[in-house]
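Colleague: I have a model open and would like to go through it with you. Can we start with the contacts?

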Amino acid sequence: MAIEPPFFEKYKAILQSSANEKEKPSTVEGFEELELPLIDLSHLNLGPLERQECIEKMGQAAIEWGFFQIVNHAVPDELLNRLKQEQIKVFQQPFDKKSENNFLNLSVQSYRWGNPLATSLRNLSWSEALHISLKDISKMDEYNKLRSTIEEYAEKANFLAQRLAEYLAQNLGIKANYFQENCSPSSSSLRMNRYPPCPYPSMMFGIIPHTDTDFLTIVSQDQVGGLQLKTNGRWVSVKPNPKALVVNIGDFYQALSNGVYKSITHRVIANQETERYSAAYFYCPTYETVIESCSKPSLYKKFSFKEYREQIQKDVKATGDKVGLSRFLL
Ligand SMILES: O=C(O)CCC(=O)C(=O)O
Ligand SMILES: [Fe+2]
């Protein structure tokens, strides 16, 4: 049975009606490849000077790029490889099974593919994802190896994300226990992405341009490449580093830092030949958490995660786009 979602059937009408569209997404020009700032977390355990330098370098990257890479992050390669193997296994299941309502005993929205609300080439995506809210993990079958691997990874990712968020907070004078108070291992989520080879790489994306709805994201990607970020008005490709995890600032940290740290628009381009996998850990607060800028005058109204999400759902329905933080500008 076929594993691929029915992208072609779903997108046929848009592809045909857009055959002469001038505004095709420009996804296949020669993009400059960029090595993101590389932060060696082992420096945090050297002397106080090295530690301070490392924290400042992280803050600087969050200000200038909204993105950086980390090495010596204490997540074992073996665990990352195991997560990828489990991810491959789950996506290799027949599409009919993956799209069942109770697939893996998770909620209906967990398995996603393409962009169901797409109306034009601009918002077509050629990928599938398993988006697991970590509070749902206990619903999965206990003896499932996917579940135990995700649990193991989520624990490490949560620890790492909290540390990164706290180091970043030091540069801004945010109190040390802010994240401990507002986030819990079950408030975050893990999104496993699969990008199948796409026959129309010049017409659509792997994932459409977006910012992340969280404090920060930790991405483990394979060596295929395709992740791009927008910097100074141009798109650049992130060069995969086999030893590193990618970290990016999300909307909530941009709001909390009063615009100092940047939640940068990023996307994944489609690839005609090679399948790609990535796993994104979204470090999020609990639903009730109210996010308020750490300095005055505030650029943003305060909002709860719940309000933010509801606004996104409304905007996606009405416009096909999440809009995001600009909705909450004062
Ligand atoms: O696949 C990637 O490298 C990034 C994925 C991503 O941006 C996301 O899942 O939000
Ligand atoms: Fe993202």
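Colleague: What joins the side chains of Asp-251 and Ser-263?

Modeller: A polar contact of 2.7 Å. A polar contact is a pair of N or O atoms within 3.5 Å; within protein, one must be able to donate a hydrogen and the other to accept it, and residues adjacent in sequence count only if both atoms are side-chain atoms. This is a predicted model: local features need pLDDT of at least 70, side-chain atom pairs count only at pLDDT 80 or more, and totals for chains, interfaces and linings use all residues. Residues are numbered from 1 along each chain as its sequence is written, chains are lettered from A and ligands numbered from 1 in the order in which they are written, and side-chain values use heavy atoms, with hydrogens and water left out.

Colleague: Is Asp-251 buried or exposed?

Modeller: Asp-251 is buried, at 2% relative accessibility. Buried means under 20% relative accessible area, exposed over 50%, and partly exposed in between (1.4 Å probe, protein chains only). The side chain of Asp-251 also has a polar contact of 2.7 Å with that of Tyr-308.

Colleague: Now the metal. Which residues coordinate the iron ion (ligand 2)?

Modeller: His-210 (NE2), Asp-212 (OD) and His-266 (NE2), at 2.1 to 2.2 Å. Donors are N, O and S atoms within 2.8 Å of the metal (3.2 Å for Na, K and Ca); water is not among the atoms, so sites may look incomplete.

Colleague: How are those donor residues spaced in sequence?

Modeller: The pattern for the iron ion is H-x1-D-x53-H. Asp-212 is buried, with a relative accessible area of 4%, while His-210 is partly exposed at 23%.

Colleague: And what sits around ligand 1?

Modeller: 14 residues surround ligand 1, and the closest are Tyr-195, His-210, His-266, Arg-276 and Ser-278. Here a residue counts if one of its heavy atoms lies within 4 Å of the ligand. A polar side-chain atom of Tyr-195 lies 2.7 Å from an oxygen atom of ligand 1, and one of Arg-276 is also 2.7 Å from an oxygen atom of the ligand. For the side chain of Ser-278, an N or O atom is 2.6 Å from a ligand 1 oxygen.

Colleague: Last topic: which residues have the most contacts inside the largest nonpolar core?

Modeller: Leu-130, Phe-179, Phe-215 and Tyr-253, in a core of 83 residues. A nonpolar core is a set of buried Ala, Val, Leu, Ile, Met, Phe, Trp, Tyr and Cys residues joined through side-chain atoms within 4.5 Å. A second, separate core has 12 residues, including Ala-118 and Met-203.
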